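This report describes a few residues and helices of one model. The account begins after the display below.

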Amino acid sequence: MNPQTHFLLPFFISIILMKLNVMSWKFALIAGIIGVIIDIDHYIEHIIHAKSNRFSLKATWNNAIKLHRFTERSFIHHWEGALVLSLLFLIILFFNWQISLVLAIGYYSHLLLDYPFFETGKSWRIKLGDVYVTESYSELIVDGTLLFGILCVLLI
Ligand SMILES: [Zn+2]
């Protein structure tokens with residue numbers, strides 16, 4: 001999944017909770033950002049495994065989108081990481097339930113989107129300079145639906 005989708009789903013969930021007075025606007029925004037930040041492991045894996053351009057965000061992006069020279073996902077994208085982070089969220093829950101909720105929404109929504117339900121089918125692919133951009137039609141539909149949902153929640 002692309003970063004915008006990783007932002008939109010936790011943000012959508014969070015603004016529903018914001019409307020229910022469970023969460024603030026600020027925390028809703030942070031949940032969306034956390035949904036995107038989970039992919040920081042792609043950059044770390046790139047630094048570890050790349051043979052050239054180790055610190056390049058562009059090279060990291062192109063590897064994740066098109067080239068796939070090595071696995072860019074670390075343990076936090078797998079069940080072992082989910083277990084460790086779930087325990088961490090549980091510990092944080094005892095100190096601040098809102099922070100625990102924000103972290104959990106960002107993280108679990110990220111995992112839910114990363115499983116390849118939407119990756120099949122036709123994709124829209126372009127190259128902007130030397131940066132590859134890929135968006136599946138199904139992800140575009142998910143993004144449009146989430147944007148519509150966010151708009152509806154904000155207007156209610
Ligand atoms: Zn991911």
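With 10 C-beta neighbours inside 10 Å, Ile 48 counts as exposed (12 or fewer other C-beta atoms within 10 Å of its own, placed from the backbone; 20 or more is buried, and in between is partly exposed). The model is predicted: local features need pLDDT of at least 70, side-chain atom pairs count only at pLDDT 80 or more, and totals for chains, interfaces and linings use all residues. Residues are numbered from 1 along each chain as its sequence is written.

Ile 48 lies in helix H3, and His 49 belongs to helix H3 (residues 40-49) too. Helices here are DSSP runs (H or I, at least four residues), numbered from the N terminus. His 49 is partly exposed, with 13 other C-beta atoms within 10 Å.

| Pair | Apart in sequence | C-alpha to C-alpha |
|---|---|---|
| Ile 48 and Val 133 | 85 residues | 24 Å |
| His 49 and Arg 69 | 20 residues | 9.1 Å |

Helix H5 (residues 79-95) has 17 residues and spans 25 Å from first C-alpha to last, close to the expected 24 Å (1.5 Å times one less than its number of residues). The number of buried residues in H5 is zero, so H5 lies largely in the open.

The axes of helix H1 (residues 3-19) and helix H6 (residues 97-114) come within 9 Å and cross at roughly 130°. Such axes are lines fitted to C-alpha atoms over the stretch in contact, with angles from 0 to 180 degrees between N-to-C directions.

Key
Helices (H or I, at least four residues) and strands (E, at least two) are DSSP runs, numbered from the N terminus.
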